[in-house]
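Visitor: I've got a structure to look at, and I'd like to talk it through. Can you take me around?

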Amino acid sequence: MDMTISPEAAAWFKKELNLQNGDSIRLFPRYSSGGGLHPGFSLGIATEAPARPAVEAEQEGLIFYMEEQDLWYMEGYSLSIIHVAAEDDIEYVYQPLSTAGQAE
C-alpha cells in the first residue's frame, strides 16, 4: 500500500484543520452509513501523533499516516488524496494494486 497527497490537498488540510508544519494526520477506517472501499466503512481523519505507523507520506510539512492495525482497510490498494477545486474539498482516490504491488 502506498499513499500520495497532492500539495493542494495538504494545503486544504492546513486551512480546514488549522494545522502547522510538523503536525500529523492519522487516516483510519471508521464505521459510516456511506461507504468507501468497504461497505459500512469510510476513511476518517484525526490530528494525532503516530504510535505505530505502517505507512507515512509527507506533504507541505504535514505527516499523513496509517497505523499498523488500520492497514486492512487499504489492502490491495494505493491511496491518493487530491483537492477538488470546484468543491473546495478533498477526495480519496483508491487504485487497485497489481500483483507486483504497483497501482494499475
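This is a predicted model: local features need pLDDT of at least 70, side-chain atom pairs count only at pLDDT 80 or more; totals for chains, interfaces and linings use all residues.

Visitor: Is Arg26 buried or exposed?

Guide: Let's find Arg26 first: its place is in strand 2, residues 24-35. Its relative accessibility is 15%. The cut-off for buried is under 20%, so Arg26 counts as buried.

Visitor: How does Val93 count, buried or partly exposed?

Guide: Val93 sits in strand 7, which covers residues 89-96. Its relative accessibility is 26%. Buried would need under 20% and exposed over 50%, so Val93 counts as partly exposed.

Visitor: What distance separates the C-alpha atoms of Val93 and Leu79?

Guide: Along the chain, these two are 14 residues apart. Even so, Val93 touches Leu79, along with Ser78, Ser80 and Ile82. From C-alpha to C-alpha, Val93 and Leu79 are separated by 5.7 Å.

Visitor: What kind of aromatic pair do Trp12 and Phe13 form?

Guide: The count of aromatic pairs comes to 6. In the one formed by Trp12 and Phe13, the centres are 5.3 Å apart and the planes are at 90°. Planes over 60 degrees apart get a particular label, so this pair is edge-to-face.

Methods: Residues are numbered from 1 along each chain as its sequence is written. Side-chain values use heavy atoms; hydrogens and water are left out. Helices (H or I, at least four residues) and strands (E, at least two) are DSSP runs, numbered from the N terminus. Buried means under 20% relative accessible area, exposed over 50%, partly exposed in between (1.4 Å probe, protein chains only). Contact means heavy atoms within 4.5 Å. Rings of Phe, Tyr and Trp (its six-membered ring) pair if their centres lie within 6.5 Å; planes under 30 degrees apart count as stacked, over 60 as edge-to-face and the rest as tilted. Lists of a residue's contacts leave out its neighbours within four places in sequence.
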